Each structure stands twice: as structure tokens, then as C-alpha cells.
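Visitor: Please show me how to read some local features of a structure, one at a time.

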Amino acid sequence: MTFTPCMAQAVLYTKKLAPAIASVIEFGNQRYTAWSVAPADSTVDFYHRAGIVQYLALDVNTRMSAIVADLNSPVDLPPVDLVTNNGTGEHIFDQASVFRNAHDLCAVGGFMIHCLPMTPWVNHGFYNYNPILFRDIAAANGYKVHWLSLCSRFEMGWNISSEAWPFVEKRPTELIDAMRSINGEIMICVIWQKLLDGRFRTPIQGKYLKDVEGA
Amino acid sequence: MHSILRHAVKIETDPFPYVVIENALDDYAELAATRWDKDRIANGRNYVDNQRLDLSAHKFLGMSPPPVWAEFVSYHVSQAFWRDVWDVFGVAIKSTHPGLAVGRNTSTCMRFAGAAKIGLECQIGMNTPTKTAGSVRGPHIDSLNEIMGGMLYMPLPEDNAGGDLEIHRLTGKPKFAGKMQLLPGLSEYVATVPYRANTFVMFVNGPRSVHAVTRRQPTHLERRLVSFGIDFEAAFFDPMGA
């Protein structure tokens with residue numbers, strides 16, 4: 001995966017929210033390309049310079065400080081202050097397992113950054129993502145949403161986490177306008193904070209919650 | 001009995017992962033007051049000046065120790081303690097040894113008392129009194145099958161003879177002699193962990209985990225500690241791989 005300027009901005013933004021962050025687990029090893037944001041020799045070096053001194057990446061090989069782990073299954077590691085899923089989750093078949101692992105590997109009070117493809121990204125991975133997924137996972141698990149944006153690999157974009165229009169389904173005029181304002185392929189960047197202890201809860205899409213019998 | 005890692009806060013990662021906890025045990029005073037003297041720990045063994053002697057957990061627990069000690073040692077050779085260690089050091093263990101096949105639920109046993117992937121040791125240790133100044137060990141790394149090492153210091157109040165732990169950074173291609181002793185000039189001093197009552201230090205062992213013990217001045221007092229070790233079933237790293 002590529003550690004983009006957008007991702008570097010997201011990490012530095014999170015570090016500003018919580019300066020005590022000292023440990024990170026990344027989904028996928030990360031090739032550093034964020035020199036426009038911060039000089040670094042590698043992604044590990046970037047984190048060290050940011051004061052995040054414990055680093056581990058999970059991948060299918062051991063390149064770039066990674067260990068071998070299958071995100072389709074539970075990963076046996078203790079929780080850390082920050083979990084990142086930068087352009088990795090879309091390549092994993094079992095999406096519930098990806099978000100469950102992020103949840104389990106994140107300490108209570110810790111943060112998760114997901115930076116994932118939205119459109120077009122044709123055949124890039126198994127999946128592309130919609131903003132609604134991140135709203136409903138956060139709601140199901142009591143995450144505090146510090147950031148949600150449509151972004152490119154070069155810019156984190158602007159924070160729309162408090163807006164309603166990113167989740168409009170029919171005639172999403174503002175969402176389409178926002179997508180048109182981004183040059184190139186569009187990603188979604190989200191920063192969550194895990195506030196509650198407990199198991200990962202699989203979301204039901206918000207617009208169908210009222211239809212659930214026995215709920 | 002609480003885990004000795006209960007108050008662990010911050011892992012240092014430079015030059016290798018370690019944690020130092022001051023006032024590690026809430027019930028330290030009771031342990032210190034009932035610790036056996038040096039003759040009991042020597043257990044009939046002859047010794048010379050400044051010699052390291054240990055009573056393994058397995059042996060110690062068979063000698064009817066005081067209940068508070070039996071509880072302390074039993075906990076720190078248990079699966080529960082390995083989980084405590086994993087929760088604090090798991091990421092550091094995996095980043096130091098990516099290929100090491102251990103996890104939170106890997107089977108454990110007390111060293112010398114079973115067969116499991118991981119053996120835990122919690123031995124009552126000392127350096128014997130000495131008539132001449134000298135260091136017990138210069139810069140070295142621990143055994144090639146050791147995942148974690150740790151020390152709880154228990155000096156007598158009047159002991160000011162030295163015997164601190166030093167953290168070193170490897171500065172050259174490692175060359176060893178004897179028991180993983182680094183040849184002179186291949187490491188530099190980084191930090192000191194003082195030989196102070198109720199201070200606990202624990203580290204991930206590996207090719208960069210160079211540490212030493214400072215000189216101890218002539219003294220009639222023994223250097224008192226509890227030594228923790230967590231071993232894998234076989235050697236798992238290359239000491240020249242730093």
C-alpha cells in the first residue's frame with residue numbers, strides 16, 4: 001500500500017487530538033510517499049518522528065516492518081493507541097473481520113483511521129465504500145467521529161462529519177458536487193475514537209433500523 | 001497478588017523495547033520483610049565474591065517459602081502473567097521478532113516443570129557480597145531462546161554499593177565471547193535503571209537488547225533481586241542479526 005500525503009495528514013491530525021498516542025498497528029505494509037507533508041525515510045520513520053514509537057504492520061509478507069497476519073481472521077495482538085486501515089481493507093474478503101480487527105486492536109480511548117477507495121477505483125480491490133457504512137459502524141459501536149471526508153491521495157479534504165448530506169441516498173446533489181471537486185480517484189477518510197469497551201457490533205443500515213422486527 | 005506489570009505505563013523503544021516501573025508492587029514491604037537471607041538463597045552452595053546465585057521458581061516453591069512469596073512467584077510463572085506480558089509487550093515482541101510464533105494464548109509452564117512452547121521463570125536471585133570492586137556482567141544480551149527478561153530490585157536500605165542496570169545501544173557489528181558477552185567497544189551507554197527498592201525493569205530480548213550491570217563497590221551486603229525470564233522452547237533469533 002502507499003502511505004499517501006492524505007494519510008500522513010490524517011495521522012498528524014489524530015496525533016494533535018491525542019498527543020499521548022505512542023503505538024500503531026497498520027493494516028498493510030506502507031510505502032512512504034508523503035514527503036510533501038513530512039520528510040521521512042520510511043513510514044516507520046514518519047511515525048517515529050511523530051512520536052509514535054511502537055510500530056507494527058500486518059500484511060501477507062514481512063516487508064517494511066510487517067508481520068504476516070490474515071485480516072479475514074482475528075489477529076492475536078494486544079490493543080494499541082492507533083489502528084490504521086489505509087488502502088488495505090478493500091483487498092480483504094471478509095469485511096466484518098476487517099472492521100472487527102480494527103475494533104479489537106484499538107484500545108479504549110484509542111483511534112482508528114480508515115482511508116479507503118470510494119470511486120471509481122475499478123477492480124482495484126474486492127470492494128469500494130460508501131460514506132453511509134462509516135456512519136452506521138460508528139453508530140453501532142459508539143465511536144466518536146472526529147473526521148469524515150471525501151479525499152484524494154494528496155489532500156485530506158474537509159471535515160464533513162457533522163453534515164447530513166454525505167448520507168443522502170436519492171438525488172445526492174451536494175455529495176455529487178463534493179465528488180466533482182476532487183481531482184482523480186476519490187477516497188473516504190474517517191477518524192474514529194473508540195470510547196466503549198466491548199465486542200464489535202455489526203451495524204444494521206440506519207435507514208432500515210425502524211424496519212427491524214423485535215428491535 | 002497483583003501482576004508486577006500492573007503499573008506499566010510507557011514502553012521505551014530505543015534502543016530496544018523495555019519498561020521501567022518505579023514502586024512496581026503495592027505490597028512490596030511485605031515481600032521485602034519476609035525475603036530469605038543470602039544463606040537460605042545460597043541453599044548450601046559455595047560461592048565466591050560478587051557471584052550471581054539464583055533459586056529457580058520450581059526449586060523455591062518446593063522449599064515451603066513464606067505464603068506471600070509463594071503467591072508472588074506462583075503468579076509470575078503462570079499463564080495469567082504471560083497474558084499480562086503479552087498485553088504490554090505483544091506488539092513490541094512481534095515487531096522485534098516477526099517470525100516468532102507466539103500469541104496471548106500460547107501454552108506456558110513454569111520452567112523445569114512441564115513442556116510448553118513458553119517457559120516462565122521467577123527466580124530469587126542475588127549477587128554475593130564482595131571484598132573488591134567489580135561488575136558482575138559487562139554489556140551482553142540474554143540467551144537466544146529468551147523472549148523477555150526482567151528484574152525486580154530489592155536492596156537493603158543501607159545498600160549503596162551500586163549494581164545498577166545499564167541500557168546500551170549496539171554500535172557495531174556484534175561480536176560475542178562466552179555467555180553472549182559483547183566484545184569491548186561495540187556498544188554505547190544509553191540509560192541507567194537504578195538498583196532501587198521496588199523498581200522493576202523488563203525488556204524484550206533480541207540481538208539489540210544489550211545491557212550491563214554497573215560496578216559494585218566492596219560490601220558485606222548481597223545485591224538482592226528477583227529475576228524474571230520468559231523463554232521460547234528453542235533458540236529463535238540470530239545474535240549476529242542486529
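Reading local features

Guide: Asn141(A) touches His103(A), Leu196(A), Arg199(A), Phe200(A) and Arg201(A), leaving aside residues up to four places away in sequence; contact means heavy atoms within 4.5 Å. This is a predicted model, where local features need pLDDT of at least 70, side-chain atom pairs count only at pLDDT 80 or more, and totals for chains, interfaces and linings use all residues. Residues are numbered from 1 along each chain as its sequence is written, chains are lettered from A and ligands numbered from 1 in the order in which they are written, and side-chain values use heavy atoms, with hydrogens and water left out.

Visitor: Is Asn141(A) buried or exposed?

Guide: Buried means under 20% relative accessible area, exposed over 50%, and partly exposed in between, with a 1.4 Å probe and protein chains only. Asn141(A) counts as buried because its relative accessibility is 5%. Asn141(A) belongs to helix H4 (residues 131-141) of chain A. Helices (H or I, at least four residues) and strands (E, at least two) are DSSP runs, numbered from the N terminus.

Visitor: What span should helix H1 of chain A have?

Guide: The expected span of a helix is 1.5 Å times one less than its number of residues. H1 (residues 5-17) of chain A has 13 residues and should therefore span 18 Å; its end C-alpha atoms are 18 Å apart, which agrees. Among the buried residues of H1(A) are Pro5(A), Met7(A) and Val11(A).

Visitor: How do strands make a sheet?

Guide: Strands of a sheet pair through backbone hydrogen bonds, either parallel or antiparallel. Two strands count as paired if DSSP finds at least two bridges between them. In chain B, three strands form an open sheet in the order S9-S6-S11, with antiparallel pairing. S9 (187-193) and S11 (210-213) of chain B stand at the edges with a single partner strand each, so one side of each has no neighbour in the sheet. S6 (residues 165-170) and S11 of chain B pair over four bridges, and Ile167(B) stands opposite His211(B) in S11(B).

Visitor: Which peptide bond near Pro120(A) is cis?

Guide: The bond from Thr119(A) to Pro120(A) is cis, with omega near -10 degrees. Pro120(A) sits in the loop between strand S7 (106-119) and H4 of chain A. Another cis peptide bond joins Asp14(B) and Pro15(B), with omega about 5 degrees.

Visitor: What is the phi of Met180(B)?

Guide: Phi of Met180(B) is near 55 degrees, a positive value in a residue other than glycine. Met180(B) counts as buried because its relative accessibility is 17%.
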